[in-house]
Amino acid sequence: MSENLILLYVEDDASIREEMIEILELDFEHFHVAVNGEEGLKMYKEFKPDIVISDIQMPIMDGISMSKEILSINPDAKIILTTAFNEAGYLEQAKNIGVSDYVNKPVNITELFEKLDAVLSSK
């Protein structure tokens, strides 16, 4: 990944968040971490990241609602959602609002980085 890219990672589960931070910091020099969608939206507005990786199910504001807000600010925003829910409704809703892609949990790191590469190269 390019060291100039800014990533925003949003995850409410502390153990998953800590594990992903260790992985992401190997490839991203600049990234920010939020614990829910409300905090993620605030950080998006402040840091204008190149890509957002977010969980779908979170307290306060879920990943779909946050993504919808981000895409209303920037229709070209690159967002990858992580989900433990294989429910077609969530994924269909994410697709309909313009989310770039999704990865099922537990996150396969190879798959995540392949999707990051694909989403970022489609700029």
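**View 1. Polar contact between Lys115 and the backbone of Tyr102.** In this predicted model, a polar atom of the Lys115 side chain lies 2.8 Å from the backbone oxygen of Tyr102. A polar contact is a pair of N or O atoms within 3.5 Å; within protein, one must be able to donate a hydrogen and the other to accept it, and residues adjacent in sequence count only if both atoms are side-chain atoms. Lys115 belongs to helix H5; helices (H or I, at least four residues) and strands (E, at least two) are DSSP runs, numbered from the N terminus. Lys115 counts as buried because its relative accessibility is 19%, where buried means under 20% relative accessible area, exposed over 50% and partly exposed in between (1.4 Å probe, protein chains only). Not counting residues up to four places away in sequence, Lys115 touches Ile80, Asp101, Tyr102 and Val103, contact meaning heavy atoms within 4.5 Å.

View 2. Strand E4 comprises residues 79–83 and includes Thr83. With a relative accessible area of 1%, Thr83 is buried. Its contacts, leaving aside neighbours within four places in sequence, are Asp55, Ile56, Leu91, Tyr102, Val103, Asn104 and Lys105.

**View 3. Helix H1 and the elements packed against it.** Helix H1 (residues 14–27) has 14 residues and reaches 20 Å from its first C-alpha to its last. This is close to the expected 20 Å, the expected span being 1.5 Å times one less than the number of residues. Arg17, Met20, Ile21, Ile23 and Leu24 of H1 are buried. The buried residues of H1 pack against strands E1 (6–10), E2 (30–34) and E3 (51–55), and against helix H5 (109–121).

**View 4. The crossing of helices H2 and H3.** The axes of H2 (residues 37–47) and H3 (residues 63–73) come within 9 Å and cross at roughly 20°; axes are lines fitted to C-alpha atoms, for helices over the stretch in contact, and angles run from 0 to 180 degrees between N-to-C directions. The two helices are therefore roughly parallel to each other, a term for angles under 35 degrees. Gly37, Gly40, Leu41, Tyr44 and Lys45 of H2 meet Met66, Glu69, Ile70 and Ile73 of H3 in this contact.

**View 5. Ser65 in helix H3.** Ser65, a residue of helix H3, is partly exposed, with a relative accessible area of 31%. The C-alpha atoms of Ser65 and Leu41 are separated by 9.6 Å, the two residues being 24 residues apart along the chain.

**Notes to all views.** Residues are numbered from 1 along each chain as its sequence is written, and side-chain values use heavy atoms, with hydrogens and water left out. Local features need pLDDT of at least 70 and side-chain atom pairs count only at pLDDT 80 or more, whereas totals for chains, interfaces and linings use all residues.

Notes: Angles under 35 degrees count as roughly parallel, over 145 as roughly antiparallel, 65 to 115 as roughly perpendicular and the rest as oblique.
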